[in-house]
Amino acid sequence: MTIHLSIILWLPAAAGLLALLLPSRFARWISLLGALLVLAYAITLLVDYDRAAGGMQYVTDITWIRSIGIHYALAVSGLNLVLLATTAVIFTASALWTLIDEPDSGKPGIYALLMGLAQTAVMGAFMAQDLALFVVFFDLMLVPFYFLIVIWGGPDRTRAVLKLFMYTLVGSLLMLVGAITTGVMAANGGEPNFLLSELAKTPLGSTAQGWIFLAFALAFLIKMPSFPFHGWMPDGYSNMPIGVLAVFTAILSKVAAYGFLQIALPLFPDAAVRYQELIMIVAVASILYGSAMAFTVDSARLVLGYSSIAQLGFIVLGIFAFNGRGADGAVLQATNHAIVAGALIFVVAMLSRRAGGSEKLSDMGGIAKGAPAFAAVFVVFSFALLAMPGTANFVGEFMILLGTFTSRMTFAFIAAIGVALAAFYSLRFYISAMHHRVGEKVNSFEMTLREALVVVPLMLVVIALALYPQFALRPAQDGTRVALSATEQAQSSAATASTTGNGR
Amino acid sequence: MSMPLASTVPAAPYIDWAGLSPLLALLGGAIIVLIVGLAGPRGIRTKLVPLLSLATFGVALGCVIALWGQNLVLIEDALQLDPLTLILMLVICGGGVVAVLLAWRDQAAEEIAHGEFFALMLLASAGMFVLVSSRDIVMTFVGLELLSLPLYILCASRVREERSLESGLKYLIIGSVGSATVLYGFALLYGATGQTGYSDIASAISSNGLATDPLFLTAVAMCTVGFAFKASLAPFHQWTPDVYEGAPTPVTAFMSVATKAAAFGVIIRLFDVALRPAIEAWRPIWIAIALITMVVGNVGALRQPSMKRMLAYSSVAQAGYVLVGFVLVTDLGVQAICSYLILYSFGNLAAFAVVIARERETGEGDNISALRGLGTSRPALAIAMTISMLSLAGIPATAGFMGKLRLVEAAAAGDYAWLVAVLVVLSVISLAYYLPVVATMWRGETQPGTDAASGVPVLAGGAPEADATGARAGWELTAVAVLLAAAVIVFGIIPQPVFNLVASAARGLGLS
């Protein structure tokens, strides 16, 4: 029992509260300081994690709601450590960004508090070792974003945020029902206990697993988003303020992907195996649909939005390959995509500052002319997005495809088309923004020092991951083994069942 | 029920006066308040009378707490003072305290005189005590009427306001139809079973095999319909939005918490105890009512410019959620209902406090436009309203979420997970009317009427004295709103005390 995880969990919210209470001119600095502290803490945890021992470490476990058997249980493992560090990186970048592009309406304290709460909720979802606690944090994650969008969002924000909320809550409330049912049924008339480790010991019956798995899958697929559950995405992405969107696209989608590995596969292995192909179809459809849309839309934000749909498709595909390579690739790719997509959101804002405030690709063009260094940074992110060999994204996608190839070859073939399409949309994005004829409104200038402070560190992370992807892969491997052990067992028992069935 | 005919002087029934103390406190307080209200000096009427009413509710609460954990039968077999009664009285008296604070400087109390206004509120609470504790259909009907009659008058207490009079009249007519239906149902029930006591009815049903008897089933149907009227369950809810909207807002707030608690108390007791042997006959009907209520409430609340109408439909929807706990007929289900009623009341009352504050501060009545830009102009009220809306919508870290969580748990344990899945999907609709309220407050438009795009007509109305805009409503409204909102967050994070409180809720019912 340690207090470390509680400190790192509540630190962002505490920093946000401090930012709200102190004079507002300090707010953004306190917010940044809080984010940096969390980052330092996360890196320390990452370094300090005992890989040899493996498993759950820094376990915190307190009974929270005795009547229902819900625990405040936190732990870090190989699976969530890297994602925690990534979260800290992106929130730090976002806090830095507010120093450049101050959110207007003059309430920096409230902004800082909401971002702090968002980070706390996200990290809570990553660290939760109790099913109900996970669901609570997963739902809570959304609340700060409601206010961030309503107060600082784009012109159509009220409608956009309502759509976002209703879509995601349909999924996550059904997930809540599924989670509680899991605990109650596993208790079998006794006192329910929602600790993941306890629940994994007593798998549910096949029927219950089926619908509960689908409820969880729906919640995760909506949050990512995946085709065809992405209806909230275009409006949502278009109306979020930049610092918020960067966090949303980079991190929140990863919580969903992580949920599959941490919750859905270990607790509902039979159902996961049964619905493997269904989820893979959704993943492949997301890859194709997202890539095609990213190739056609004019809004730079939506290029990234649709490309996220495609990239998350790859991640889901890797997870549902049900083998180590696919899952490791998925975790690596989740890290990669978080950094690259988050960085590219800031790039969109930087482009828009140079294109007369427009985020349309048709209004951009020729920006590279006055900003060669910016162009160089941008090209690194573009190459990473298209998974150029030499980047960690390439490693990730390759492992995902390899894993898929060994388990479901057809899906791997179709998904491979997405790799080619990624090159199309990524390069189209870069070229039509930076090259081509200089747009009418374009007034290009070099990357400012403050802009560089946000994107250059992210670029360095991309390069570091490219040079040494094992940094994310190694810890992930321990975690994915645990996550996959249940489904592997289910698969083999399903295989035995089908052979005996055929032999009869 | 059997009296020895031989004895010429029937023995007086044994009365447990201590057990009756909450009822005696409320009745005594009502009389005192009524008399003090006749006093000449205005200061006594406007300050002492509400204070005495508060004290009465306080004493009643004290009696409830002193009796905590008891399980007594009072006045022979007529009333039962068990944990369910005590828990619901806690909600009712707590709601009463808040309602008195909200009504303290209200125009309604001014118009029908303070003494009468607060005495009626206390009398209605006394009726609620009788209703939730009764275990005899005659007492149930007495309680029902004792609860209803004062409320009819309270609804019409803004005697110079046409909407209020309309509200009272409507409530009187619909309420009487409901009462008549219940009474007819009770008469048939007596005809079918020959008993008036709840447990006697239950044993008569099972020993005489009445569960499929047409007369008995008609009685069950009449009781169902009658109580559905009273608890404003769809499709018998049509009166609710009009009555809620027209009634003085403190009265609406009181009704939405206390009347609801009382109605569910009697529904639980009548069906889970007296009619339990015939569960197969009534459960499908109540499930249907729950589903219809959830749909109608959630859809009806959409796009209502009047906050009170919106909250009325929202309370219909919430009643539908509570019914999910009721149809389970389990110990956990009753516990979940009690948790829900307690946890839900905080956010609900906080919302009404803010609505009342804005009614008095602006000339826009309860229109949603009265909340525009509140985040900048009155942050304390805006935060309270935000928290209460999030709680009503059931967002995590609020009391409303914990209430729903408990319902989900009870339903999952009672093999009705599908019903609660329907509940949560329908409750997503509720975001479409709760969240716009939040957005209106925080979107950053400060001046009322500047948002021409919204197209919401600014309604005339509100109290005449409120036309002086810019004036601040009383401190007690802000205090109530902020305290209740704080309770929403506290119980949203630490719900265990509430769960402990209701742990024995079903002890007097004999459920599994």
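The model is predicted.

Chain A is made up of 20 helices and two strands. Its radius of gyration is 22 Å, close to the 23 Å that the globule rule gives for 504 residues, so chain A is as compact as a globular protein of that length. The C-alpha trace of chain A spans about 75 × 55 × 45 Å along its principal axes. Of the 504 residues in chain A, 63% are buried. Contacts in chain A were taken at a separation of 6 or more; 83% of them join residues 24 or more positions apart.

The surface of chain A was also computed. Chain A exposes about 17000 Å². Carbon and sulfur atoms supply 67% of that area. Chain A carries 26 positive and 24 negative side chains. The centres of these two sets lie 5 Å apart.

In chain B, helix H19 covers residues 475-493. This helix has 19 residues and reaches 27 Å from its first C-alpha to its last. That span is close to the 27 Å expected at 1.5 Å a residue. The buried residues of H19(B) include B:Leu477, B:Val480, B:Ala481, B:Leu484 and B:Val488. B:Glu476 and B:Thr478 are also among them. An α-helix has 3.6 residues a turn, so residues three or four places apart point the same way.

The buried residues of H19(B) pack against elements of both chains. Chain A contributes strand S1 (57-65). Chain B contributes helix H3 (83-103), helix H14 (331-361), helix H16 (379-393) and helix H17 (399-413).

Terms used. Residues are numbered from 1 along each chain as its sequence is written. Chains are lettered from A and ligands numbered from 1 in the order in which they are written. This is a predicted model: local features need pLDDT of at least 70, side-chain atom pairs count only at pLDDT 80 or more; totals for chains, interfaces and linings use all residues. Side-chain values use heavy atoms; hydrogens and water are left out. Helices (H or I, at least four residues) and strands (E, at least two) are DSSP runs, numbered from the N terminus. The radius of gyration is taken over C-alpha atoms; the globule rule is 2.2 Å times the number of residues to the power 0.38. Buried means under 20% relative accessible area, exposed over 50%, partly exposed in between (1.4 Å probe, protein chains only). Contact means heavy atoms within 4.5 Å. Accessible areas come from the Shrake-Rupley method with a 1.4 Å probe; for residues, only the protein chains shown count as cover. Lys and Arg count as positive and Asp and Glu as negative; His and the chain ends are not counted. The place of a charge is taken as NZ of Lys, CZ of Arg, CG of Asp or CD of Glu. The expected span of a helix is 1.5 Å times one less than its number of residues.
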